[in-house]
Amino acid sequence: MMLLKLKKESVCGAWRPAALLCTLLLSVSCGDKQVVKKSGMPEFARKLSGNTCLKVVNGIETAQVPGVVMLTSAGGMLCTGTFLGHNVVLTAAHCIDSSANGGVRIHNGPAAIAVTHGGTPGENAINGRPLRDIALLHFPDNTTAVWRKIASVAPKAGDQLMVAGYGQTDFVNDNDPDGKVRYGFNKVDAVSIENATLNYESPVQYSGVAAGEEAMSGRGDSGGPIIVGDGVVGLTSSGDSNETLQYEQDFLLFSSPGLEVIEAAEAKGAIINGVNHIRKTLGMTPKNGAPDTDTSQILQPNC
């Protein structure tokens, strides 16, 4: 039996309706994009609902999140990125264009000099499974003295995560970002190394997201870091929703597609900290001399 399902998909954090013809199954394949139907509220959400720290859109405003930067293009504010070393920024492939440097620059800073990415740049980057929505922007050596590293351990369901971004503050009314960085906390719902995805949920109501009471990223947060434990485990990529539940389906660095792009960037001179943790997770031999430092403190809930 076939069902015409109205779905919302996030591209660079901007949600747009799309009609998809899907088979009526718990997990259905719509072309080459997986849509997983969910219902109810997970136990951790019952416990955390109402916690004022549990928010990303209109989240905890701060002067900066160390290592995290706003990315812009000729059209203005675009996405969020994270330095993983002194000359490379992690972001989403759907945030860049097909030009040699991705058409991206750091806000009030230099333009990228090259880019290494997964899949196809632009919004089509989120359509493939395994997910290929990753880009690494190359900059001159010593562009920054502040960066984050890839986490020492792969994430798992139930772990606390932190997400940060320069995106919009009102998810429901789709307002413009205000140029300020915010961060919030949630719990990892599911991880798939095979599909290179990390999910976390924002349950209950859209009104809660608009008020910043539920952790959900918005337009402009794409490419921003997902931090678990002592480092980055993924980046904000895309999402889905139904009448009662919204969830992020983000890119997982601890995956073959992630390592493939990272190693291609390393071959071009990118200095990326903590890559051996991905190799160990995938059962590969660590590389001698691979850097593994972090100049940034992990932000903790302060409520």
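Me: What makes the contact between the side chains of E61 and R182 a salt bridge?
Reply: In this predicted model, the N to O distance between the side chains of E61 and R182 is 3.2 Å. The criterion asks for a side-chain nitrogen of Lys or Arg within 4 Å of a carboxyl oxygen of Asp or Glu, so the pair qualifies.

Me: Why can the pair be said to tie together parts that are apart in sequence?
Reply: E61 belongs to strand 5 (residues 60–62) and R182 to strand 13 (residues 181–187), so the pair joins parts that are 121 residues apart in sequence. E61 and R182 also take part in a network of salt bridges with D178 and K180.

Me: Is R182 buried or exposed, and why?
Reply: R182 has a relative accessible area of 6%. Because buried means under 20%, R182 is buried. E61, at 45%, falls between 20% and 50% and therefore counts as partly exposed.

Me: How do you know that R132 and E260 form a salt bridge?
Reply: Their side chains meet at 3.2 Å, N to O, and the limit is 4 Å. This pair links distant parts of the chain, with R132 in the loop between strand 10 (114–117) and strand 11 (135–138) and E260 in helix 3, 128 residues apart. R132 is called partly exposed because its relative accessible area is 27%, which lies between the cut-offs of 20% and 50%.

Me: What makes D292 and K149 a salt bridge?
Reply: The closest N and O atoms of D292 and K149 are 3.4 Å apart, and the criterion is within 4 Å. D292 lies in the segment after helix 4 (275–281) and K149 in the loop between strand 11 and strand 12 (160–165), so the pair ties together parts 143 residues apart in sequence. K149 is at 9% relative accessibility, under 20%, and therefore counts as buried. At 36%, D292 is partly exposed.

Me: How many salt bridges does this rule give?
Reply: The count comes to ten.

Me: What makes the span of helix 3 close to the expected one?
Reply: Helix 3 (residues 256–267) has twelve residues and reaches 16 Å from its first C-alpha to its last, against 16 Å expected at 1.5 Å a residue.

Me: Why is L90 called buried?
Reply: L90 has 0% relative accessibility, and buried means under 20%, so the label applies. L90 is found in strand 8 (residues 88–91).

Notes: Residues numbered from 1 in each chain as written. Predicted model: local features only at pLDDT ≥ 70, side-chain atom pairs only at ≥ 80, totals over all residues. Heavy atoms only, no water. Helix = DSSP H or I, 4+ residues; strand = E, 2+ residues; numbered from the N terminus. Buried < 20%, exposed > 50% of the residue type's maximum accessible area, 1.4 Å probe, protein only. Expected span 1.5 Å × (residues − 1).
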